[in-house]
Amino acid sequence: MSDAAARSIPPRSPNRIVEEGHHLDPDRPVRILLASATIFSGAVVLLIVFFVVRQAIPVFAHEGLGFLLRSDWDRALEKAWVDPTYWEFGALPVILGTLMTTVGALVTTLALGMGCAVFLAELAPRRLVGPFQSLVRLLSGIPSVVFGLIGLSVFVPLVREMFVSDAMTVKYADVPLDGQSLLVGIIVLTFMILPFFVTVATDSMRSVPESYKLGGLALGMSRWRTITRLVIPPALPGILAGLILAAARAVGEAIALSMVAGSLSNVPSPGHGLVFFLEPVRTMASTIVENGEALAVHSIESAMFGLGTLLLFSSLALSLAARLAFAWFQKRMGMTGGIR
Amino acid sequence: MRGARDETTILRRVMAILGPAWVWACAAVVVAVCLFGIVYLFVEGAKAITPDFLFSETLPSWDEKSSGGIRSPIGGTFIMAVLGLLFTVPVAVAAAIYLAEYVKEESLLARSARLGLEVLAGVPSVVFGMWGLALFSLPQLAFLSSRASGTDADAAFGRSFIVGAIVMAIHILPFVIKVMEENIRSVPGTYRAAAAALGMTKWQGIKKVILPAARPGLITAVILGLGLIVGDTAIVTLTVGGSMTMTGAEQWWLPQHWGATLLNTGSTLTTFVYHQSPAGEGNAPTKAFGAAFLLVLIVLALNLAVAFLGRTRRGEQRV
């Protein structure tokens with residue numbers, strides 16, 4: 001793993017050996033300063049992990065795994081707000097909310113993003129590659145609150161008009177079906193994580209040697225068959241890494257989902273058929289950002305940090321997984337240069 | 001036998017048409033949705049943008065008509081950008097130089113610093129926000145925000161522009177370091193050899209030769225960091241707070257009030273959009289669109305600046 005990290009760095013200049021010949025080092029103070037900046041930058045994450053986990057300990061001490069397995073969130077927050085001794089938080093609804101939005105967005109990202117990546121890497125006419133790439137880059141720089149605003153004022157009313165009928169609101173009266181829903185959450189999240197996936201997937205396909213493709217075409221394979229049989233398979237680990245990076249972003253997204261997904265810790269019921277997608281959900285990250293004021297209450301603060309700990313460790317796991325996938329990809333490609 | 005082969009041939013021919021059709025459809029959907037979003041935002045946003053809207057003070061009001069302009073959020077975004085970069089850039093330049101020029105690749109320090117930075121880059125911004133709020137609520141750190149009134153006499157309020165900027169600086173640190181390091185590395189080895197041949201010490205060579213040569217790349221890194229600061233909402237909501245106006249002093253832009261402004265709370269363009277959108281409490285959608293329009297213009301300008309710098313960089317290398 002670290003081996004791969006070392007390999008992803010371009011080789012050093014040969015004159016390093018000459019430089020190390022200095023036995024008396026007049027630069028020592030500067031070097032110490034630079035080293036301390038490096039140590040600080042590398043170690044500050046430990047401070048974050050330590051602090052977040054420490055704040056989360058009380059909620060796990062009170063509830064154990066019940067915190068993760070029970071379903072009682074919005075009501076528990078209200079109770080804890082008036083009664084400081086109330087500790088019965090059940091975070092399962094918001095955990096499931098994060099899982100459903102993330103998995104949903106990953107599925108659509110895979111379908112839509114693979115198309116875009118194949119377009120950019122293989123099929124697009126040369127004139128269109130530049131503009132399309134600029135568009136993808138622009139999309140990755142748009143603030144999440146802007147995604148939320150457009151989702152809220154375009155997609156939420158659209159979904160309400162198109163899919164929510166009066167009969168439905170009567171039949172499922174206990175959940176508000178006002179357009180703010182899992183469906184809009186997935187749509188908005190898809191466009192937010194798409195650029196990251198497309199960039200990495202395109203780069204992976206581009207780094208497949210040209211000779212593979214030429215060989216396929218020379219054997220009389222169609223262009224499409226060459227792509228699906230000879231370009232995509234060797235690029236798969238890279239594509240997987242892109243998907244993992246996209247997942248990491250989806251899990252941590254707070255603002256846009258808090259605006260479009262309904263902000264109710266409701267668990268959509270698969271028994272409702274397709275209404276499942278029209279029900280509101282709430283994710284872990286958006287819960288934290290919506291309850292900044294409630295952090296003043298000790299028990300709520302600890303419950304929020306419990307969610308923070310979950311987010312922290314899932315993002316940690318995802319970035320390590322992405323690292324492994326990149327290492328696999330580079331090994332397979334026999335590459336010395338990184339693709340990031 | 002013959003029939004089966006014909007069937008696969010037909011299937012392959014069909015796929016050779018359907019496959020590319022799907023690819024083009026995906027690209028078309030993405031382009032259509034993006035263009036629609038951008039045009040919608042520009043049409044809605046342009047309605048709100050007037051000199052009065054941009055330059056008059058934000059007023060706390062439930063009514064959209066009397067809620068004033070967006071001078072405070074513009075000021076807030078500016079403060080966060082300047083302070084955030086002020087905290088990040090020195091540390092990032094130092095760490096990037098050390099990682100690119102000094103440290104041995106296989107050393108424990110290099111490996112653990114890289115791992116730490118990679119993990120840091122993956123931490124969601126809400127987690128940074130809640131961490132910052134809890135950390136700076138410690139009574140010992142009260143001098144960076146203000147004393148909390150009411151609840152606990154000892155606790156600090158934990159929210160201020162200074163606090164927000166420190167947390168933001170740590171959030172963007174790994175991204176800025178990464179781009180800076182790549183650009184310092186991409187300075188050709190001959191430059192280092194030439195500096196050494198002139199009798200410069202290693203540090204003199206870095207200061208006089210390497211850093212000037214890497215400057216467009218270093219500026220690119222700073223602009224990328226700036227984009228992250230301007231676009232972030234979660235850290236700002238949690239560590240600078242949800243009030244739309246500056247809470248420090250009424251005439252916050254006057255130099256004698258800067259201290260009070262920085263130690264108190266306010267809003268940035270992103271939190272203004274978040275709270276004034278139909279999802280928030282302010283309920284001033286037209287103004288939210290105006291501010292969002294301005295945000296996207298800033299992001300566009302930053303993108304153009306990066307593209308321009310990239311071009312000059314490539315041009316220099318060719319010479």
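**The interface and its helices**

Modeller: B:Arg114 is found in helix H4 (residues 108–122) of chain B, where helices (H or I, at least four residues) are DSSP runs numbered from the N terminus. This is a predicted model, in which local features need pLDDT of at least 70 and side-chain atom pairs count only at pLDDT 80 or more, while totals for chains, interfaces and linings use all residues. Residues are numbered from 1 along each chain as its sequence is written, chains are lettered from A in the order in which they are written, and side-chain values use heavy atoms, with hydrogens and water left out.

With 14% relative accessibility, B:Arg114 counts as buried, a word that means under 20% relative accessible area (1.4 Å probe, protein chains only). Its side chain makes a polar contact of 3.1 Å with that of B:Glu181. A polar contact is a pair of N or O atoms within 3.5 Å; within protein, one must be able to donate a hydrogen and the other to accept it, and residues adjacent in sequence count only if both atoms are side-chain atoms.

Next comes the interface itself. In chain A, 85 residues are in contact with 84 residues of chain B, contact being heavy atoms within 4.5 Å. About 7,400 Å² is buried between chain A and chain B, and carbon and sulfur atoms give 78% of it; buried area is the accessible area (1.4 Å probe) that two parts lose on being put together, summed over both. A:Leu34, A:Leu149 and A:Trp224 supply 8% of the area that chain A buries against chain B, more than any other three residues.

Across this interface the rule finds one salt bridge, that is, a side-chain nitrogen of Lys or Arg within 4 Å of a carboxyl oxygen of Asp or Glu. The side chains of B:Glu118 and A:Arg323 meet in a salt bridge at 3.0 Å, N to O. On the side of chain A that touches chain B, H3(A) gives the most, with 17 residues.

Helix H3 of chain A (residues 28–63) has 36 residues, which should span 52 Å at 1.5 Å a residue, and its end C-alpha atoms are 53 Å apart, which agrees; the expected span is 1.5 Å times one less than the number of residues. H3(A) has a kink of about 35° at A:Ile57, shortly before the proline A:Pro58. The bend at a residue is the angle between axes fitted to the seven residues ending there and the seven starting there. Just after H3(A), A:Gly64 takes a positive phi of about 65°.

Conventions
Helix = DSSP H or I, 4+ residues; strand = E, 2+ residues; numbered from the N terminus. Buried < 20%, exposed > 50% of the residue type's maximum accessible area, 1.4 Å probe, protein only.
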